[in-house]
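Trainee: Could you walk me through how helices pack together? I would like to learn how to read such a feature for myself.

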Amino acid sequence: MAATTTPTEVIFRVRRFDPMADAEPHWEEFRLPYTAGMTVLDGLRRIKETASPTLAWRSSCRMGVCGSCGMFINGRPRLACNTQITELNTNLVLVAPLPNFNTVRDLVPDLMPMFDAHIALHPYVVRDDVKEQYEPTGEFFQSSHEVEQYLQFSYCIKCGCCMAACPTYATDPTYSGPMPLGQGHRYNADTRDGGFKTRKQQLAGERGPWRCHYAGECSRVCPKGVDPAKAIQLMKRELVLDYLHLLKQGCPAKPMGKPTGAKRRDGIPDAPARTIAGAPSL
Ligand code: SF4
Ligand code: SF4
Ligand code: FES
């Protein structure tokens with residue numbers, strides 16, 4: 001198919017699979033008129049509206065924020081909503097579900113193994129002082145430099161594109177993978193957090209960062225510029241320093257942030273009351 005940056009027609013070849021009806025996946029072709037600014041997600045919506053109402057995929061925000069629409073588009077994991085037809089430089093668009101995951105149906109991957117690994121790494125701020133965590137007596141100030149240590153990694157939208165690109169995860173599904181490990185580092189690097197000693201139990205074995213070969217594919221495909229490969233190498237460094245007893249606080253050469261005792265600043269409203277019975281009060 002001739003490559004063009006402004007096609008008049010776009011040919012979608014979409015991988016279809018209905019586990020209730022199909023023994024194997026198969027490809028279906030759809031031809032659509034090109035419209036200015038058309039994204040891959042726009043094309044899929046047009047196909048569903050005009051040609052194949054049973055076509056299934058996940059999407060929500062349509063602006064690269066929710067992380068739902070990760071797909072394998074022309075041989076690379078991408079967000080369908082964030083991929084313009086013109087940037088593919090061809091009017092032939094091959095769309096398949098993300099590799100390295102089982103397929104629920106059509107373009108819907110089963111991301112639960114990724115989220116299970118994510119949960120296992122306690123992806124939230126863990127305080128040594130549980131009472132202070134749930135009933136803070138003041139704000140936890142961070143300097144700009146301290147925020148920069150984890151800010152880039154906090155842009156992750158859990159789309160799974162990095163997992164689909166990772167050659168280690170492709171051959172070893174017991175490996176936690178770049179998203180969960182990158183998010184583990186995001187919290188390890190946060191001066192408010194004291195969860196490294198808990199997370200390192202998960203990081204020591206075959207699921208941890210030592211399985212990473214540092215090929216960097218995860219960072220190359222990340223649509224948010226998160227660089228999980230860098231996070232994993234920094235995590236390896238922390239584990240070595242911890243093994244050598246060179247981490248005084250149990251995590252990244254950082255003093256764990258202390259509440260300052262400062263009162264809530266004017267203009268910051270109180271948190272709403274908890275809606276779940278028995279939840280700790282704020
Ligand atoms: S690190 Fe990037 S590619 Fe991986 S889940 Fe997060 S946003 Fe997606
Ligand atoms: S750098 Fe590590 S996590 Fe990233 S793709 Fe390569 S092996 Fe996978
Ligand atoms: S629809 Fe939300 S990231 Fe694409």
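Mentor: Happy to! Let's start with handedness: a crossing is right-handed if the near helix is turned clockwise from the far one by less than a right angle, and left-handed if anticlockwise. Keep in mind that this is a predicted model. Here, α3 and α8 make a right-handed crossing.

Trainee: At what angle do the axes of α3 and α8 cross?

Mentor: Roughly 20°, and the axes of α3 (residues 112-120) and α8 (residues 178-188) come within 8 Å. Angles under 35 degrees count as roughly parallel, so α3 and α8 are roughly parallel to each other.

Trainee: Which residues meet there, in α3 and in α8?

Mentor: From α3 come Met114, Ala117 and His118, and they meet Met179, Pro180 and Gln183 of α8. By type, the residues of this contact of α3 with α8 are four nonpolar, two polar and no charged.

Trainee: Now burial. Which residues of α1 are buried?

Mentor: To call a residue buried, we ask for 20 or more other C-beta atoms within 10 Å of its own. In α1 (residues 40-50), Val40, Leu41, Gly43 and Leu44 are buried. Their arc around the axis is only 160°, so they lie on the same side of α1. On the other side of α1, Glu49 and Thr50 are exposed.

Trainee: What covers the buried residues of α1?

Mentor: The cover includes strands β1 (9-16), β2 (26-33), β3 (70-73) and β5 (92-96), along with helix α2 (85-88).

Trainee: And how many helices and strands are there in the protein chain?

Mentor: The chain has 11 helices and seven strands, and 34% of its 282 residues count as buried.

Definitions and conventions
Residues numbered from 1 in each chain as written. Chains lettered and ligands numbered in written order. Predicted model: local features only at pLDDT ≥ 70, side-chain atom pairs only at ≥ 80, totals over all residues. Axes fitted to C-alpha atoms, helices over the stretch in contact; angles between N-to-C directions. Helix = DSSP H or I, 4+ residues; strand = E, 2+ residues; numbered from the N terminus. Parallel < 35°, antiparallel > 145°, perpendicular 65-115°, else oblique. Contact = placed C-beta atoms within 7 Å. Nonpolar A, V, L, I, M, F, W, Y, C, P; charged D, E, K, R; others polar. Buried ≥ 20, exposed ≤ 12 C-beta atoms within 10 Å, placed from the backbone. Arc of directions from axis to C-beta.
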